[in-house]
Structures are given as structure tokens and as C-alpha cells.
Amino acid sequence: MNLLEVEDLKKHYPIRAGLLRREVGRVRAVDGVSFHIAKGETLALVGESGCGKTTVSRCILRALPVTSGAIRFATGDGEAAVDLATLPKRQIRPLRRHMQMIFQDPYASLNPRMMVGDIIAEPLKVNGVPAAERRDRVLELLELVQMPPGARTRFPHAFSGGQRQRVGIARALALNPKLVVADEPVSALDVSVQAQIINLLLDLQDRLGLSMLFVAHDLSVVRHVSDRVAVMYVGRIVEVAPTDALYRAPLHPYTEALLAAVPAPDPTRRSRRRVAQGEVADPANPPPGCAFHPRCPYAVERCRQERPELMPAGNGRAVSCHRAGELELAGVR
Amino acid sequence: MQQTPMAERTALAIRDLAVQFESEQGVVRALDGVSFDLHAGRTLGIVGESGCGKSVTARSILRIVDRPGRITGGHMLLDPGTPQEVDLAALDPESKRMREVRGGRIGLIFQEPMTALSVHYTVGNQIIEAVRQHSDVSKEEARNRAIELLREVGIPRPETRISAYPFELSGGLRQRVGIAMALAGDPEIVIADEPTTALDVTTQAQILALLRRLQAEKNIALMLITHDMGVIAEMADEVAVMYLGRVVEFAPVQQVFAAPRHPYTRALLRAVPSILATPRQRLSTIGGAVPHPGSRPTGCAYHPRCSERIGAICMEQRPRPVPSGEAGASCFKDEAREQAA
Amino acid sequence: MSVSTASDPPASDPRASDPKAAAAEARYAEATQLQLTWWRFRRHKLAVVSLFVIALFYGIAIFADFLAASDPHATDARRSFIPPQGIHLFDENGFNPHVYGLRGVRNPRTFQLSYSPDPARKLPVRLFTRGYTYNLLGLIETDIHLFGIEGGRPGEGIFLLGTDQLGRDLYSRMMVATRVSLSIGLAGVTLSLFLGVLLGGISGLYGGWVDLLIQRLIELLRSVPTIPLWMGLAAALPRTWSVIEVYFAITIIISLIGWTDLARVVRGRFLALREEDFVVAAELSGASQGRIIFRHMLPSFASHVIAATSLALPAMIISETSLSFLGLGLRPPAVSWGILLQDAQNIQVLAGAPWLLSAAVPVTLVILAFNFLGDGLRDAADPYG
Ligand SMILES: Nc1ncnc2c1ncn2[C@@H]1O[C@H](COP(=O)(O)OP(=O)(O)O)[C@@H](O)[C@H]1O
Ligand SMILES: Nc1ncnc2c1ncn2[C@@H]1O[C@H](COP(=O)(O)OP(=O)(O)O)[C@@H](O)[C@H]1O
Ligand code: SF4
Ligand code: SF4
Ligand SMILES: [Mg+2]
Ligand SMILES: [Mg+2]
């Protein structure tokens, strides 16, 4: 059963200019994104920066108002799915306990003026959990993320990036959410700490049966963590596939380029790889046709004219490329 | 002892460099006897977790360590063994000589290019300024040189981009401008401090390719600082692994990946996530975190985290430092292995 | 439960062996943001010194009458322009602090009688002497002053900084002026703070056209050159208004510009904080708007507001001083630094009585001190920004 179904989600930012701040254009940060997340599943969202990953994750949690589309969320407690995209803010507040976020920057995401115990207890407090129960739950959560109980009375500045990220995870788990959205949770961390946090996330997921949207730009990390991967480019999903299939045999040229760009930790395999040229297109002014065509080595005339749609490609895969069937793209092995 | 091949001229020799930060909280020995060589046309990769002293090393060479840091020992010999040999550690940071070296003989590329760029001036102004600081040319010549530099670093339409402000450029283009700035004085040595850490993989690949091309064209001695083992594998000829202000292993790059000798190097390599991983594969971790350099553990500084400790000696005595210019590891276990062999 | 940490080696804490370092570490870990700010502030030596200087000046403002040696309003044409009198600590009998008495001298040309020091007569200087009557802290009526002379004829006194044209003791006037100038600065900044936080907060919180309107208003106010604006407004004050009425009117006039700066700081912080991850986290946990603002946002920019305030204060003080100096601010008999300096306007007067310029010293000191303090506070509050 699907916990979350996103359909044709759009988020446009108006570009305003002049004294009267009239709208002169739009940043199409997210421009028609559809995907689903099953119960207990991790979907990774990957792509270069600026392609709309953060915007998607914040829209799903309604930290941002949505321009159009549907975000159907089924708590699975016997209640029917609700459309978060159209729900008024007031009615979203009671649903917040079911969906939580883990942030990228472990320094910015914890209030420097609150003690760690209070930070973790905050979601409990605003959702009316009594004080005695809160205390026990905070201790339980600290243990869950492998932090000493003494951390409760300390301030965030006393902890390293990795430890802070653990605190952030504890806060996200405080209300036993069904869905966790993690926006680049390990990107800001050192390798050794990153490994600890990845293991922690995998363990927590096994234990708690969490569903997760895992946003990342590091494809190595994604391979460890996710069940399926959605690749985004300039506000759209260009390919979705089960993780292994995507890495072994990508169907979209952009996926191939991303995979090729990851430096292998092996000096004997040093670059015979092709480097993707050019830069991410501007979402305020995307190229016509396939947005990837200016950078795509396989582009043909049709790509410049006609926008490809995301089409099913069998085995739970979907791809948005005119030449998807004919190209032999290189994966990693 | 295996001798690394040294076909190329040594451009810079760092010997026993020590840097301290003194404050009310106490003395932090950020660098505690660092030695390595940079060779023309070759890349030395410096790798280690954050806080191990990579940036302080880079900044010391250029004599731009933040206060209250100061160099308390060691030498940094430019052109070692030649009549022009000069010890950068002995120069006054504000002296004319040092200013010539900084940005002239040695260029610096920052992680965040905006560190080197001002938001108030156009890209062109700043590069022209840098060009004129290190060579006696007319404004017009400097401008042409700036355009040429921008073209060299792969910026499309340099004639128009020269009048852009840094904030009008994307992260990747900005880093290219950062590289152009570093090249403005036509340096023989370039120090790149995590030049791709803030970039996407695709942009990172572009920038690394650019650095490799420029190095080959200009026979630059490149010191590449990173915490990414993938970048090291991709770029380095030799690797210095740093931990708590010391080089704990030094070796040619193949050797580091094929047969790492220091337990820390091994642990670092194991912790790197793999693009070939199986689904839900756990990573091996290094326990604990890097201690603050202000409270350095006794004996081998890595011992509290080391999973290969061989006994009390690790806690009590300091292992022999890596001899400069030779492959080796600063570890008792490695010493024992070597003696056995 | 036990989450797999298979490859973790036994963790031994390297710091456990050093109890002093461990204690320092714990102290740091449990320090509040306020303490951390204070520790960072303490490192700015100049700012700390400035804090003391400012505390001293506000001490003077509070105890102005107690510190004054003679009635700052008492005129006596005969003792005009007496140069500063030094206190002589010793005489032939040993330690006996004293000043010289005054001797009437007739000017041989104008035949006017004026006083000048008379070394023949020693007036002993004593602590806690009786003088004019005032209300200590506005509550206790008393006539005790910190120091004064004993004995002495009417009109005689101790004139540490000399006297002005009307024979008023400059030192005593300076004490009282300190109170007026500093309090008007404080009142002005309080009003600015109120307006700034209110309008800046509304602007940052609601955004949209309200924000647009407030921003345009701020730009408008800031585009008008300050001095002519003030002059116009001040000149419009009826001459018949009492000292108190003028005092409040001037306060309002000088805060008219001051609030715009503070409003910008507040709005800027509001906008920045709203995007801050920890505020988003609070929102996502289901916290109400009020809780987000008061629990998560306000504490984070209180320090910025304090810093901005301490940077705005000197501008207020300078404004009052310049308005009064130009004769457009407070008017005699009120005493403020501006009014004291007004007396030093005349170049001829200055040539004969340069000590009148000493009123510029406290102005400069306080302005500098506030600026250093503000810089220190700003750095301490936001070491990265
Ligand atoms: N508040 C905003 N106003 C205008 N444009 C925005 C805003 N937030 C994000 N964008 C734009 O939307 C695009 C997607 O941004 P984001 O979702 O942050 O990408 P990612 O997380 O993949 O790096 C970017 O081009 C960004 O410039
Ligand atoms: N400005 C500074 N003041 C005090 N200590 C510093 C300063 N800069 C660096 N250090 C110390 O030097 C150590 C090494 O820092 P750095 O070279 O920046 O690490 P890296 O670049 O490897 O992440 C840090 O752990 C820190 O304790
Ligand atoms: S549609 Fe054309 S341009 Fe786009 S990815 Fe496919 S081949 Fe390349
Ligand atoms: S010296 Fe001992 S503790 Fe240090 S790395 Fe070698 S084995 Fe580990
Ligand atoms: Mg993002
Ligand atoms: Mg660094």
C-alpha cells in the first residue's frame, strides 16, 4: 500500500520586478512531479543542486504552499488518504506528527538557545504529551540515536556535526512518524561520521518500519540507503527505477552522466570517463523540448522540439527520453 | 624503505612545520611536525577528516594563518637545494618577498571561491588587479590576459563574462573564476583547498578535469586538499594522510589504495560509501570522533579510535614520524611488520 | 536495543585523565547562549572598557546633583569666566586639600568688578558638605554633596572646570547636563526601539503590501536629509512650551529617524530566521505561530537588537547635542551638553575662556564608548555574520 502519492506537483516562484512588484516571470522550481512511496520503503531523490529536490521535499511537508497538484497521504490508521496540497494550514497541523523532516545542516537545524533535551521534547510538547512522559521519551530517543543521557542538559554547540545530526534524527522520530523526509542528511558530514549516520538510518528503518524520502546528490550514499531512485532534472523527474537496476543499466542519458561523474575510490580506474559538459538549465527559463538536450550527447532534432513525458519502461521503471528504447547506456559495475 | 620516483624538480619542501593557536582556553597545536614535498608537474593529495589541519597547512605556506595562530617551528623551503632557496617560515608575512610569493609563485584556490572574490567588483576588475600585482603590464594587456585566463579555465564568452559580478555566476563558474584568480600570477605551485567540496559531482568532475589539464599544460606542482577518497584516487600522484596535525601516512596513490599501511588510512577507506554497494549495505565506521587538537591523546594520537592497537606502547609512546620523501606510516604496528619483513 | 556498532573500537576518553580540561569542557557544554555571548564579549577589551565608561557616565547621570559642587543654575555676574581651579592637596601644615578664595578686582579700563583667585585665602575642601537642596534619585530631599568647600563668603565655591559668562560652575553644569543628554538619548532610543520592533516585526512577519508600505516609508524618511528635517521640525516647536514639553518633543524628533535603522535590523532578522532550519523544524513539529515567534525567533535576535540599540544611542545623543548646539533643541534654563557647547560658539569668548570647550570631552567619550560597545556586542552576538 502506498503511504504517499504525489501527482503532477508544481511549485512556481513568481519573479517580481518594478515598484508595483508585478510578476514578470516564473521560476519553475518543481514542474509536474509524480511519484509514490510505499510503506516501509525508501525513495531517493537525486539530481544536481538547483533541480528542485529541496522544494519537492518541503512541498510534501507543506512547509511551502503548493502551486498545483496532489499530495495524497494515507496514515494507514484506517483513515482515508488526505490531499495535503489543498488542505488548509489549520487542518495540516494535527497531521504533522505523522511526517517529519531531517535537515542537511546540523548546525542550522538545532535552536542554539535550547538544550538538546528541550529540542527533542519540543514536538512532544506542542502535541500535548505530558511532562513526565516527555522525559522518558527523550531518554528513550537519545538511546535510540546512541547519545548519552547526559546530552539532555547540554546545548547544541557542545556537540560535533555528527552528534547534532543524531539529535536532529531523534527530534524527527519523537512523534513516531510514518514518513521521514531527509534532505541531504549526510552531505555536510565527514566520511567517518557519514558512515555512522547512514548505518543509524538503516538500522532505525529496519526497527521502526519507516518510510523515507531520501534526498541526496551523492550517488554512492544513495546506493547504500534507497530501495528506489528518482532522478530529477530542472523541476522534473527524468527517470525512476529500483536502485540496482538504475545503477546497472540507466535508461536516461542524465542518469548515465551522473553515474559517470562519481569518482571511483580506485586509482587504477582513473578517468576514461566522459565528463558531462555544461551546467544545469535555469528553471526560470528552461530550454524547449527536453530540458537536458543542450548537455545531452545523444540529442537529436526531436529533442529540441518536443518534450518527452515520463513513460513506464517495465519492471517498475519509468523514463522520460525520446530515445530511451534505442540507447545502450553505461551503468556502473 | 621504498623510494618514490622523483623525476621532477622539488618546488617546495615542508619540514617539521608546527603551528599553534594560543588562546585563553589553552594552546592548540594545529600542526605538530608536518613534512612533505611538492614536485613540479605532480599532484600531492592531502586527505583527512575535518579539523586535522589541512587548511592550516595551506594557509601557513602562504603565511595567512588566522590570528592567534603562529608558526612555532619548521621550515618551508621554496626552490630547495638551489641558490635561490628561501625559507617561507622565516619571512615576514607582510614583506615584499612574501607578497611576491603569495599569488605570484604560489596560487591558492579556496573551497568557497567567494572567499577570494569581492562582491563589489566585477570578475574582470579583480583578475586584472591580480595580474597587475604580479607583472608590470599596461591596463590593456592585463585585460587581455584576464580574458585569456577566463577562456583558459573554460568560461564561455569570456569577453562578456569579464564584466559580470561574482554573484551573477553559478557555483561552478565561480570556482572557475577562483581558479583564474589563482593563475593570474602565473604560479608554479597551486594549493587547492577542497576546491570541489561545495560542488555537484558533475561540476566536480569538470573542475577536476580542468585542474588536471592546467597542471599538464603549465607543469604546476599541485597540492590538492580534500576529504574525499574518490577525488584523491582520481587526481593524486602521492598522498599524505593527516590526523590531528600530523602526516600519519605518505605513499604513492596506488599503494595507498592497494595496501594502506596506517590503520587510520584503512579505516577511512572502509568508511567510504561505494557506488557498487549492495542494497542496504552497512558501512564500517571509525569509532568516536576526531579529538580536539587542544586535548591530544597521549602516545599515538589515533589510539583511542584505533581498532588495531597492539598494546600499551600505543598509549605511551609516540610512533616515529613518516620520513619525508619516503613512503611510510607513523604506526607501531607498521614498524613491527616492517621489522619482521 | 543495540544498534550495530560492530567495528567501533573500545572508546576510551582521552580527556578523562585531565580533570581541569574536563571541567572546562563541561562548563562550555552547559553554557547558555547568553554566557557564550558574554565570554566572547569579554575578549573585546575595548568594548569591556567602554562598558565601564558608559556605566560611569550613567552613574554620573543618576547622581548628578550629588556630584555637583554648586548650584548649576546660580548666576553671579561678578564671577564670570573664572579659569579652572586646581585643588591644592598640601599646605605648610601637611595634607590639607584646599582651593583659593576669590578676590574682587576692578578692571582698570571698564571699572567692572570681577573675581579672581586669591592665593592668600585658603578654603578647605571637604567631603559630604552641605550645598543647594535637591532630590536624590527623585525621592529623598537632601542638601549633601560629594564635596565642597567649608566656610567661604557667598559667591565663593570650588570651580574645577572654571565658570561661564554668567558665573555658573561649569563642572556642576556638566554633571547635570550629563543627566539630561544621556536620558534624552535613552528615551529617544526606547521610542525608536518600540517603533522599530513593532513596524519591523510587522513588516517581516506579514510581508506583502504591508511590508512594501513600511519599506517605502522607511526609504522616504531616510532620503530626507536629517539636519534640515530636524531643524524644520524643531523650529516649529512653540517658543512658549515648557522645558519638559520641549524635552519630549525633541525626543520624538530624534527618534523619527532612529527607528528606521532598528526596523531594518528587526525585519532583516525576521526574514532570515523564518527561513532558518530550526524555525522550519518548529513549524513542522506542529508548533503554533505564537510559539514559533516567541519561543524560537525572538530569543535569537534579541542580541542583535541590543547591539543595534547600543549603536543607535550615540546617534541619538549626537542629534540632541547638535540640535541644542544650533539653538533648536533644548533651551536654557535646561542644561545639556549641546547647550554647554552653545556657550562655546563664540570665538571671542573661546579665546578668553577655552575651558568652555571641555563640554566636548564627555560627548566624544560617550559616543566612542557606545560605538566600541556596539561593535563588541555585535561581534559577540553573531560571530559569523
Ligand atoms: N524562494 C525562492 N524564490 C525563488 N526561487 C527559488 C526559491 N527557492 C528555490 N528557488 C529556485 O528553485 C530551484 C530549485 O531549488 P531547490 O529545490 O533548492 O533545489 P535543490 O534542493 O535540488 O538544490 C532553484 O533554481 C532555486 O533557485
Ligand atoms: N582561527 C583559529 N583559531 C583557533 N584554532 C584554529 C583556528 N583555525 C584552525 N584552528 C585549529 O586548527 C585545527 C585544524 O584546522 P583546519 O586546518 O581548518 O582543519 P581542516 O582544514 O583539516 O578541516 C582545528 O581543529 C582548530 O582547532
Ligand atoms: S530526450 Fe533527447 S535530449 Fe533528452 S535525454 Fe533523451 S536523447 Fe537526450
Ligand atoms: S600506533 Fe598503535 S594505536 Fe596508533 S595507529 Fe598504530 S596500531 Fe593504532
Ligand atoms: Mg537542496
Ligand atoms: Mg579545511
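Strand 7 of chain A (residues 179–183) is mostly covered, with 5 of its 5 residues buried. Buried means under 20% relative accessible area, exposed means over 50%, and partly exposed lies in between (1.4 Å probe, protein chains only). Strands (E, at least two residues) and helices (H or I, at least four) are DSSP runs, numbered from the N terminus. The model is predicted: local features need pLDDT of at least 70, side-chain atom pairs count only at pLDDT 80 or more, and totals for chains, interfaces and linings use all residues. Residues are numbered from 1 along each chain as its sequence is written, chains are lettered from A and ligands numbered from 1 in the order in which they are written, and side-chain values use heavy atoms, with hydrogens and water left out.

In a regular strand the side chains alternate between the two faces of the sheet. In strand 7 of chain A, A:Leu179, A:Val181 and A:Asp183 point one way. A:Val180 and A:Ala182 point the other way. All of these residues are buried.

Strands of a sheet pair through backbone hydrogen bonds, either parallel or antiparallel. Two strands count as paired if DSSP finds at least two bridges between them. Strand 6 of chain A (residues 99–102) runs parallel to strand 7 of chain A and is joined to it by 4 bridges. Here A:Gln100 has A:Val180 as its bridge partner. Strand 8 of chain A (residues 211–216) also pairs with strand 7 of chain A in the parallel sense, over 5 bridges. A:Val180 stands opposite A:Met212 of strand 8.

Strand 1 of chain A (residues 2–17) pairs with strand 2 of chain A in the antiparallel sense over 13 bridges. In this pairing A:Pro14 stands opposite A:Arg26.

Chain B holds an open sheet of 4 strands in the order 2-1-4-5, again with antiparallel pairing. Its edge strands are strand 2 (26–39) and strand 5 (86–87) of chain B, each of which pairs on one side only. Strand 4 of chain B (residues 69–78) meets strand 5 of chain B in the antiparallel sense over 2 bridges. B:Leu77 stands opposite B:Asp87.

Some backbone geometry in chain B deserves mention. The peptide bond from B:Arg67 to B:Pro68 is cis, with omega near 5 degrees. B:Pro68 is found in the loop between helix 1 (54–61) and strand 4 of chain B. B:Asp79 is not a glycine, yet its phi is positive, near 55 degrees. B:Asp79 is found in the loop between strand 4 and strand 5 of chain B, and is buried at 8% relative accessibility. B:Arg280 is not a glycine either and has a positive phi of about 60 degrees. B:Arg280 is found in the loop between helix 10 (263–271) and helix 11 (312–316) of chain B. At 22% relative accessibility, B:Arg280 is partly exposed.

Over all chains the structure holds 12 aromatic pairs. Rings of Phe, Tyr and Trp (its six-membered ring) pair if their centres lie within 6.5 Å; planes under 30 degrees apart count as stacked, over 60 as edge-to-face and the rest as tilted. The rings of A:Tyr254 and A:Phe292 have centres 5.1 Å apart and planes at 65 degrees, so this pair is edge-to-face. A:Tyr254 lies in helix 9 (residues 253–261) of chain A and A:Phe292 in the loop between helix 9 and helix 10 (301–305) of chain A, so the pair ties together parts that are 38 residues apart in sequence. A:Tyr254 is buried at 1% relative accessible area, and A:Phe292 is buried at 4%. With A:Tyr233, these residues form one aromatic cluster.

A:Phe292 is also one of the residues around ligand 3. Others there include A:His252, A:Cys290, A:His293, A:Cys296, A:Cys303 and A:Cys321. A residue belongs to such a shell if one of its heavy atoms lies within 4 Å of the ligand. The shell around ligand 3 has 8 nonpolar, 3 polar and 1 charged residues. Ala, Val, Leu, Ile, Met, Phe, Trp, Tyr, Cys and Pro count as nonpolar, Asp, Glu, Lys and Arg as charged, and the others, Gly among them, as polar. Ligand 4 is surrounded by residues of chain B, among them B:His262, B:Cys300, B:His303, B:Cys306, B:Cys314 and B:Cys331. Its shell divides into 7 nonpolar, 2 polar and 3 charged residues.
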